[in-house]
Amino acid sequence: MTADLEVAYLGVQVADPTGFGTFVRDIVGLIPGETTADGSSTWRNDDRVHRIVVEEGPANDAVFVGLEARTSDAFTQAVARARAAGASVTGGTAAEAAARRVEGLARVDTPWGVPFELVHGLAIAPDPFDSPLVPGGFVTKDQGFGHVVFVVSDLDSADRFAREALGFTQTDWIETDLGGMPLTVRFYHCNPRHHSLAIGSLGIELPQKLHHVMVETVSQDNVGAAFDRAWQAGLPIANAIGKHDNDKMFSFYVVTPAGFQLEFGYGARTIDEPWTDDRRYDRISEWGHQPIQSPLHPS
C-alpha cells in the first residue's frame with residue numbers, strides 16, 4: 001500500500017445532534033463514545049474511542065476527516081508527503097491532539113474545503129464494542145472506520161490531491177450518466193479496503209460536500225436487518241439494496257437526518273498488491289440500488 005493510512009474518524013456538523021444520534025444508534029447500530037471537551041457527541045463502530053464526532057451547527061455536512069497512520073514514522077512520512085506536494089499543512093497543538101484522542105495531528109487543507117487530519121495513535125475505548133443491533137460488528141481491522149465520498153467542483157485538482165498529497169492509489173473509476181447528467185467518480189485506496197476515499201463530479205454544485213459515509217458489517221443479514229429498521233422508521237431510502245459493480249458491495253443507502261447519506265454494506269472486495277485492476281466502469285451497480293421511499297415517508 002502506498003500511503004499506510006486508514007480512515008480514523010469523520011467529523012460532522014449537524015443542526016440536530018440528538019436526532020442524528022438517534023439515527024446512528026437505532027438504525028445503524030453504533031454505540032455512544034465519550035463526550036468531547038467542547039460538548040460534541042461521539043459514536044463508535046469498533047474498539048476505538050470514537051469514529052464519528054458530531055458537532056452542533058448549521059452546516060449539516062462533514063467538517064473534518066481523520067486519516068490515521070499506523071506508526072509514528074508513517075505519520076511523519078504522511079505529513080512530509082503532503083507538504084512536498086504543496087498542500088497547506090498546519091501542525092496540530094498538543095491540546096488539539098488530546099481533544100481528538102490521538103498522539104499526533106496535522107491538518108491538511110483539501111481542494112474541496114473539508115480538511116483532512118493526519119493523525120496517529122487514536123485511543124482505544126475503555127469498553128469493548130458490543131452493538132445489540134449488529135451481531136459481530138463492523139469490518140475495521142487494517143481497513144479503518146469505513147469510507148467517505150465527496151462531490152467536488154474541480155475533479156482534476158481533487159484527483160491530484162488524493163494521489164500526491166495523501167499518497168492514495170486509484171483503484172478504478174466510473175463514467176456514466178445520472179439523470180441526464182454526466183457523472184465521474186474516482187475511487188482511491190490506501191489499505192486493503194477497496195476505497196477509503198472517493199470523489200465525484202456531476203458538473204453542478206450540491207448543497208453538501210459529503211455525499212455519503214459507508215460502514216461495512218460482517219454479514220448480509222445485518223444489512224437486511226438495518227434496511228428493515230430504516231424502512232420501518234420511515235426514513236428516506238436513497239437506494240434500496242443492491243450490489244455495486246466495481247467493489248461488489250452488497251448495500252443500501254439511507255438519507256441521514258442531516259441530509260447526506262449513509263451506506264450500510266457487506267462483502268466488498270479487497271485490494272491485493274500489486275493492484276492491476278484500475279479500469280473504467282460504465283455503471284454504478286450490477287443490480288438493485290433503486291431509489292425508493294418508505295410508505296411512512298412518501299415522496
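This is a predicted model: local features need pLDDT of at least 70, side-chain atom pairs count only at pLDDT 80 or more; totals for chains, interfaces and linings use all residues.
The second largest pocket has a volume of about 180 Å³, where a pocket is an open set of points on a 1 Å grid over the protein atoms alone, places where a 1.4 Å probe fits, with protein on both sides within 12 Å along at least five of seven lines, and where the volume is the space filled by probe spheres set on the points, joined across faces, edges and corners. Its lining, meaning residues with an atom within 4 Å of a point, holds 13 residues, and V151, V152, S153, E205 and K209 lie nearest the centre.

Residues are numbered from 1 along each chain as its sequence is written, and side-chain values use heavy atoms, leaving out hydrogens and water.

The largest pocket, for its part, has a volume of about 810 Å³, and among its 36 lining residues L178, H211, N239, Q261 and I284 lie nearest the centre.

Let me turn to helix α4, residues 155-165, in which L155, A158, D159, F161, A162 and A165 are buried, that is, under 20% relative accessible area with a 1.4 Å probe, protein chains only; helices here are DSSP runs of H or I, at least four residues, and strands are runs of E, at least two, numbered from the N terminus. These buried residues pack against α2, β7, β10, β11 and β12, contact meaning heavy atoms within 4.5 Å. Just after α4, G167 takes a positive phi of about 80 degrees.

Notes
Buried means under 20% relative accessible area, exposed over 50%, partly exposed in between (1.4 Å probe, protein chains only).
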